[in-house]
Amino acid sequence: INKSTEKTAKDTKAADEYDASFTASLPEYRKTIASNTALPEEAHKYKVQAEGAVRDKQFDDAVKFYENALKIAPWWPIGHFNRAQVLGENKDYEMAKREMKRYLQLVPDAPNARMAQDKIYDWERLESK
């Protein structure tokens, strides 16, 4: 097995584990939205750092900062949306699609739901090149 195959298998396993964690967090998200709870401070810190990294076009860093925030607050829809966008910029289309699908699971009636789904379709096109 070469290093690239190892990394892909590891990334896929981590993504699958995160998917399970994300799905388990959906009931908590619904309670949180109902109470209009803000992001925990530690997640907010990572959000600010991610936004700074995006502003500075440091997309690899932004992906990690969003990931750290989402480990703390997996119910944060905009975090999934923004991480998806950054992953798309990095041409990691598989993970970008996963994140955008998580966003749509959290807020299926979002005003930008059509645009989010269309972005998934576009990443599928780019992935097949």
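Reader: Which residue forms a salt bridge with E67, and how far apart are the closest N and O atoms?

Author: In this predicted model, E67 forms a salt bridge with R83, and the closest N and O atoms are 3.7 Å apart. The pair links distant parts of the chain, since E67 lies in helix 3 and R83 in helix 4 (residues 77-89), 16 residues apart. E67 is partly exposed, with a relative accessible area of 21%, whereas R83, at 9% relative accessibility, counts as buried because the cut-off for that class is under 20%.

Reader: Where does the other partner of R83 lie, the one whose side chain is that of E99?

Author: The side chains of E99 and R83 meet in a salt bridge at 2.8 Å, N to O. This pair also links distant parts of the chain, with E99 in helix 5 and R83 in helix 4, 16 residues apart. E99 is buried, its relative accessible area being 1%. Both bridges belong to a network of salt bridges in which K64, E67, K71, R83, E99 and R102 are linked, and by the rule applied here the count comes to eleven salt bridges.

Reader: How many residues apart are E51 and K47, and in which helix do they lie?

Author: The general idea is that an α-helix has 3.6 residues a turn, so residues three or four places apart point the same way. Here E51 and K47 both lie in helix 2 (residues 41-55), four residues apart, about one turn of the helix, and they form a salt bridge whose closest N and O atoms are 3.1 Å apart. E51 is partly exposed, with a relative accessible area of 35%, and K47 is partly exposed as well, at 21%.

Reader: Which residues of helix 3 are buried, and which are exposed on its other side?

Author: The buried residues of helix 3 are A62, V63, Y66, A69 and L70. They cover an arc of only 130° around the axis, which puts them on the same side of helix 3. On the other side of this helix, D60 and K71 are exposed. As for its length, the 14 residues of helix 3 (residues 59-72) should span 20 Å at 1.5 Å a residue, and the end C-alpha atoms are 20 Å apart, which agrees.

Reader: Is R98 buried or exposed, and what does R98 touch?

Author: R98, which lies in helix 5 (residues 93-106), is buried, with a relative accessible area of 17%. Leaving aside residues up to four places away in sequence, R98 touches T12, A15, D16 and D19.

Note on methods
Residues numbered from 1 in each chain as written. Predicted model: local features only at pLDDT ≥ 70, side-chain atom pairs only at ≥ 80, totals over all residues. Heavy atoms only, no water. Helix = DSSP H or I, 4+ residues; strand = E, 2+ residues; numbered from the N terminus. Expected span 1.5 Å × (residues − 1). Buried < 20%, exposed > 50% of the residue type's maximum accessible area, 1.4 Å probe, protein only. Arc of directions from axis to C-beta. Contact = heavy atoms within 4.5 Å. Salt bridge = Lys/Arg side-chain N within 4 Å of Asp/Glu carboxyl O.
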